[in-house]
Each structure stands twice: as structure tokens, then as C-alpha cells.
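Dear colleague,

I am handing over the structure we spoke about, and I would be grateful if you could look through it with the notes that follow.

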Amino acid sequence: MVILSEYELVEKPPRGFFVVSHEKSICPCCSGALECIGSRTRTCINETSDKRKLIIRRLRCEECVRIHHELPDMLIPYKRYESKCIEAVIEQNAGLAASFGRCSPMQPGLAVAADESTIRRWREWFRRIVEYLAGCLESAAARFGIGAAVRPEGGGRSALKRIKRQAGAEEGWMAKAVRTATNMNLWVHTRSAFQAAG
Ligand SMILES: [Zn+2]
């Protein structure tokens with residue numbers, strides 16, 4: 001899996017929306033060049049439950065011959081809802097936890113039309129990967145000098161705060177965080193966690 005941040009969606013009925021990359025992806029395993037060997041369709045659901053079909057490229061590494069699918073960062077591997085929907089639910093959850101006992105209103109955010117069980121699965125999924133994701137971003141920061149310096153007291157801070165310290169606190173932090181972890185080939189180690197909750 002490779003995740004793009006620079007792309008556009010080009011609609012070609014009846015197949016759907018082609019994800020056209022504006023960046024040069026490299027193999028997350030060995031940094032080799034990638035060649036396109038086909039495509040596959042992914043369903044993408046937005047906050048109002050509208051479904052779109054995305055056509056993503058199937059790429060093969062010219063060096064290690066591994067196959068990678070090229071996902072736009074509006075999606076998270078193995079999730080059908082757009083990442084902004086899942087981010088909004090996690091934000092609301094964090095807002096509720098922060099305001100608990102202080103009677104402050106929930107933070108305004110994106111209203112997401114998803115059923116309770118789906119929302120519960122997203123929260124469970126995030127609860128399971130949040131520490132790992134924070135660690136991925138901190139190791140990326142240390143390895144490549146990108147993001148913020150890792151504070152030695154990192155372990156004492158909430159994992160969500162550590163993620164936002166690296167990916168930024170503004171909208172889109174989840175897409176950025178997942179993209180960094182995926183393109184560094186770190187997410188494979190937690191593949192079951194990503195896959196377990198749709
Ligand atoms: Zn490779």
C-alpha cells in the first residue's frame with residue numbers, strides 16, 4: 001500500500017472516479033521505482049453516506065517486485081468511509097472526554113451519517129492503534145528529521161496529543177498520520193489492527 005496526498009479524482013462514467021496521481025510514489029519496502037500493472041475498484045463513503053467508486057492503481061516495484069495499491073489519502077487502508085469522517089468521530093470522542101464533568105458543549109465538527117456500530121468500531125480501532133501510530137510518527141521524525149522533535153517525556157503525554165504534535169492539530173491530521181506510517185511501511189506490522197474493524 002502506498003498513500004498519495006497530491007492527486008485529483010477524474011470521473012469517467014460508468015466506471016467511477018480515477019485517482020490520478022500528481023506525485024511520484026516509491027516502494028515503501030525498498031524505495032524502488034513503481035510501475036503500473038492494472039487497477040482495482042474501492043468504494044468510498046462520505047459523511048452523508050454517499051458512495052463513490054474510486055479506481056486505484058495497482059503498482060509493482062521494479063526492484064523487489066512487491067505489489068502495492070495506490071490509495072488517495074482521503075481513505076484509510078481497509079476502511080470504506082473517508083478518513084475525515086473517522087477523524088471527526090475521534091475528535092468528538094476526545095472533546096467529550098475533555099469536557100466530561102465540566103458541562104462544556106461538545107466541539108462542533110463534521111456530522112457523520114454512520115450507524116452506531118460502525119462508529120463504535122472506529123473508536124475501538126483507533127483505541128487499539130493510537131499508541132502505535134504515535135510511535136510510528138515519532139520514529140519517522142527521528143529518522144528523517146521531519147515533524148517535531150520527540151520530547152523525552154513523550155510516554156506521559158496522551159497518544160493523540162503526540163500524533164497531533166507530529167501531524168499537526170488542524171483538520172486532516174489523521175490522513176497525514178496514516179500516510180506517513182503507511183509510506184514508511186510501518187503499518188504492515190499492525191495489519192491485523194487495521195483490518196479488524198471495517
Ligand atoms: Zn520494492
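From the N terminus on, the elements of the chain run β-β-β-β-β-β-α-α-α-α-α, which gives five helices and six strands. Please bear in mind that this is a predicted model. Buried residues make up 33% of the 198 residues in the chain, and of the contacts with a separation of 6 or more, 61% are between residues 24 or more positions apart.

I begin with the strands. A cis peptide bond, with omega about 0 degrees, joins Pro13 and Pro14, and Pro14 has its place in the loop between β2 (7-12) and β3 (16-21). Further along, β4 (residues 34-45) and β5 (residues 51-61) pair in the antiparallel sense over 11 bridges, with Arg42 standing opposite Leu54 in β5. These two strands, β4 and β5, form a hairpin with five residues between them. In the turn of that hairpin, Ser49 has a positive phi of about 70 degrees, although Ser49 is a residue other than glycine. Ser49 is counted as exposed because 12 other C-beta atoms lie within 10 Å, the limit for that class being 12 or fewer.

A positive phi near 70 degrees, again in a residue other than glycine, is found at Tyr78, which is placed in the loop between β6 (67-72) and α1. Tyr78 has 16 other C-beta atoms within 10 Å and is therefore partly exposed.

In helix α1 (residues 83-99) I would draw your attention to Ile86. Is this residue, Ile86, buried or exposed? Ile86 has 25 other C-beta atoms within 10 Å and is therefore buried, since the cut-off is 20 or more. Leaving aside residues up to four places away in sequence, Ile86 touches Ile76, Lys79, Tyr81, Trp122 and Met174. The C-alpha atoms of Ile86 and Ala175 are separated by 9.8 Å, while the two residues are 89 residues apart along the chain.

Helix α2 deserves a careful look. At 1.5 Å a residue, its 29 residues (116-144) should span 42 Å, and because the end C-alpha atoms are 39 Å apart, the two values agree. Just after α2, Gly145 takes a positive phi of about 65 degrees.

Helix α3 (residues 159-167) is mostly covered, with seven of its nine residues buried: Leu160, Arg162, Ile163, Lys164, Arg165, Gln166 and Ala167. The residue that follows α3 is Gly168, whose phi is positive, near 95 degrees.

Finally, how do the two helices α2 and α3 meet, and at what angle do they pack? Their axes are 8 Å apart and the angle is about 35 degrees, and α2 passes α3 in a left-handed crossing. On the α2 side the contact is made by Val130, Glu131, Leu133, Ala134, Leu137, Glu138 and Ala141, and on the α3 side by Ala159, Leu160, Arg162, Ile163, Gln166 and Ala167.

With best wishes

Notes. Residues are numbered from 1 along each chain as its sequence is written. This is a predicted model: local features need pLDDT of at least 70, side-chain atom pairs count only at pLDDT 80 or more; totals for chains, interfaces and linings use all residues. Helices (H or I, at least four residues) and strands (E, at least two) are DSSP runs, numbered from the N terminus. The expected span of a helix is 1.5 Å times one less than its number of residues. Two strands pair if DSSP finds at least two bridges between them. Axes are lines fitted to C-alpha atoms, for helices over the stretch in contact, and angles run from 0 to 180 degrees between N-to-C directions. A crossing is left-handed if the near helix is turned anticlockwise from the far one by less than a right angle, and right-handed if clockwise. Two residues are in contact if their C-beta atoms, placed from the backbone, lie within 7 Å.
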